[in-house]
Amino acid sequence: MRHLTVAEYGSFLGITGNRLVVRDAEGGAWETPLSRLRTIRIAKKGVAFSSDLILSCAARGIRIFFLDWRGISVATISGQHQHAVVRVRKSQFECLQSDTGRIIATEFIRTKIKNQRAVLLYFSKYLSKTNNNHHAFLTGIAEILKDDIDALSAPPPSNFAWKEYVMGIEGHAAATYWQALIHTNLLPSSFFKREGRGSQELTNICLNYGYAILQSYCWSALDNAGLELYAGFLHADRPGKPALILDFMEEYRPWVVDRIIIKIRQKAEKSKFFDNSLKNSISTAIADCLSKHMLHHGKRIRLENIMQRQAYKLAGAIIGEKKYRGYRFKEPLHRGPF
């Protein structure tokens with residue numbers, strides 16, 4: 001257990017020695033070594049914890065996130081043992097309007113579309129055994145997304161700003177991707193289009209919740225790398241909006257969240273409401289995904305560690321030490337995705 005989510009009213013978090021102790025409202029207890037934890041997420045009101053635990057978490061670099069009902073982090077407790085970040089943050093602000101910033105932003109979207117293709121091909125392999133028409137359709141859509149990837153390498157037309165051009169391609173790819181998932185019945189019939197905050201449709205609520213959980217993982221990775229979380233390359237600046245986190249998580253959204261929501265579709269369809277059981281299923285599935293070993297430069301490494309390495313690579317690209325390359329998912333399909 002590297003990432004703990006507490007979602008039961010009346011729970012208490014304390015510490016005994018070097019172990020975290022969680023007690024529920026009925027008096028039951030569960031504990032784990034603090035050395036195994038990276039984050040703690042409080043996803044329910046009425047959860048109490050000791051100041052000793054806060055101090056111990058701060059000393060070990062364990063962040064405590066407080067989530068609202070949507071799963072979005074609204075407060076964070078972290079220690080003051082930060083890396084030396086002055087050079088990185090100065091370079092980041094200088095980079096925002098430079099060619100380097102444009103290249104990094106384009107790479108975020110290029111990798112996102114590649115990973116959308118990976119999701120389509122992942123499910124097309126499964127459908128090849130049950131529905132050859134849907135298999136062929138997803139394979140064809142994956143080829144269309146290749147055109148969007150290629151378009152990102154071309155300079156924008158003279159009447160387009162680069163950001164407008166890149167986001168236009170991203171929008172086209174996203175519309176194509178979601179329609180492919182709808183057409184092949186990988187998403188429930190209630191899902192007509194992708195909707196963000198305020199959606200009343202259950203699959204969109206699940207997706208939004210999953211993205212919020214993913215955001216907390218990306219938050220930790222970028223913060224560890226010493227980056228300014230509110231200064232992004234693609235997402236607009238707005239008070240309280242962690243624009244860099246939203247940029248960085250783009251490439252992980254298809255594989256880590258979209259794929260998982262499709263895989264738990266049957267459980268979601270049985271749920272009339274977005275209840276704690278469904279929330280726990282999503283957060284647990286995302287934690288399991290990020291704990292799996294993936295191929296990275298010829299080695300099998302936990303995905304959450306790959307994410308951290310990518311954050312450090314981003315910091316290196318910002319200060320001009322190396323070129324940033326997004327992480328492309330290529331895990332082979334060993335068994336059916338459902």
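## Cysteines

Cysteine 206 has a relative accessible area of 1% and is buried. The model is a predicted one, and a search through the whole structure finds zero disulfides. Cysteine 206 accordingly is in no disulfide, and the nearest cysteine sulfur, that of cysteine 289, is 16 Å away.

Cysteine 289 is likewise in no disulfide; the nearest cysteine sulfur to it belongs to cysteine 218, at 12 Å. Because its relative accessible area is 6%, under the 20% limit, cysteine 289 counts as buried.

## Helix H3 against helix H8

Two packed helices are described by the angle between their axes and the distance between the axes. Helix H3 covers residues 99–127 and helix H8 covers residues 253–263; their axes come within 9 Å and cross at roughly 30 degrees. Angles under 35 degrees count as roughly parallel, so H3 and H8 are roughly parallel to each other. The crossing in which H3 passes H8 is right-handed.

On the H3 side, the residues of this contact are Lys112, Asn115, Gln116, Ala118, Val119, Tyr122 and Phe123; they meet Pro254, Trp255, Arg259, Ile262 and Lys263 in H8. Sorted by class, the residues of the contact of H3 with H8 are seven nonpolar, two polar and three charged.

## Helix H3 against helix H11

H3 also packs with helix H11, which spans residues 303–318: the two axes come within 10 Å and cross at roughly 155 degrees. An angle over 145 degrees counts as roughly antiparallel, and H3 and H11 are therefore roughly antiparallel to each other.

In this contact Thr100, Ile104 and Phe108 of H3 meet Leu314, Ala317 and Ile318 of H11. The contact of H3 with H11 holds five nonpolar residues, one polar residue and no charged residues.

Glutamine 215 is located in helix H6, residues 202–224. Its relative accessibility is 11%, and glutamine 215 therefore counts as buried. When residues up to four places away in sequence are not counted, glutamine 215 touches Pro242, Ile245, Leu246 and Met249.

Tryptophan 30 belongs to strand S4, residues 29–33. With a relative accessible area of 37%, tryptophan 30 is partly exposed. Between tryptophan 30 and methionine 307 there are 277 residues of separation in sequence and 29 Å in space, C-alpha to C-alpha.

Histidine 296 is found in strand S9, residues 293–296. It is buried, at a relative accessible area of 5%. Neighbours within four places in sequence aside, histidine 296 contacts Ile301, Ile306, Arg309, Gln310, Lys313 and Tyr327.

Histidine 297 lies in the loop between S9 and strand S10, the latter being residues 299–302. Whereas histidine 296 is buried, histidine 297 is exposed, with a relative accessible area of 65%.

## Positive phi angles

Most residues other than glycine have a negative phi. Histidine 297, although not a glycine, has a positive phi of about 55 degrees.

Asparagine 185 is not a glycine either, and its phi is positive, at about 60 degrees. This asparagine sits in the loop between helix H5, residues 162–183, and H6. Asparagine 185 is partly exposed, with a relative accessible area of 47%.

Note on methods
Residues numbered from 1 in each chain as written. Predicted model: local features only at pLDDT ≥ 70, side-chain atom pairs only at ≥ 80, totals over all residues. Heavy atoms only, no water. Helix = DSSP H or I, 4+ residues; strand = E, 2+ residues; numbered from the N terminus. Buried < 20%, exposed > 50% of the residue type's maximum accessible area, 1.4 Å probe, protein only. Contact = heavy atoms within 4.5 Å. Axes fitted to C-alpha atoms, helices over the stretch in contact; angles between N-to-C directions. Parallel < 35°, antiparallel > 145°, perpendicular 65-115°, else oblique. Left-handed = near helix turned anticlockwise from the far one by under 90°. Nonpolar A, V, L, I, M, F, W, Y, C, P; charged D, E, K, R; others polar. Disulfide = S-S within 2.5 Å.
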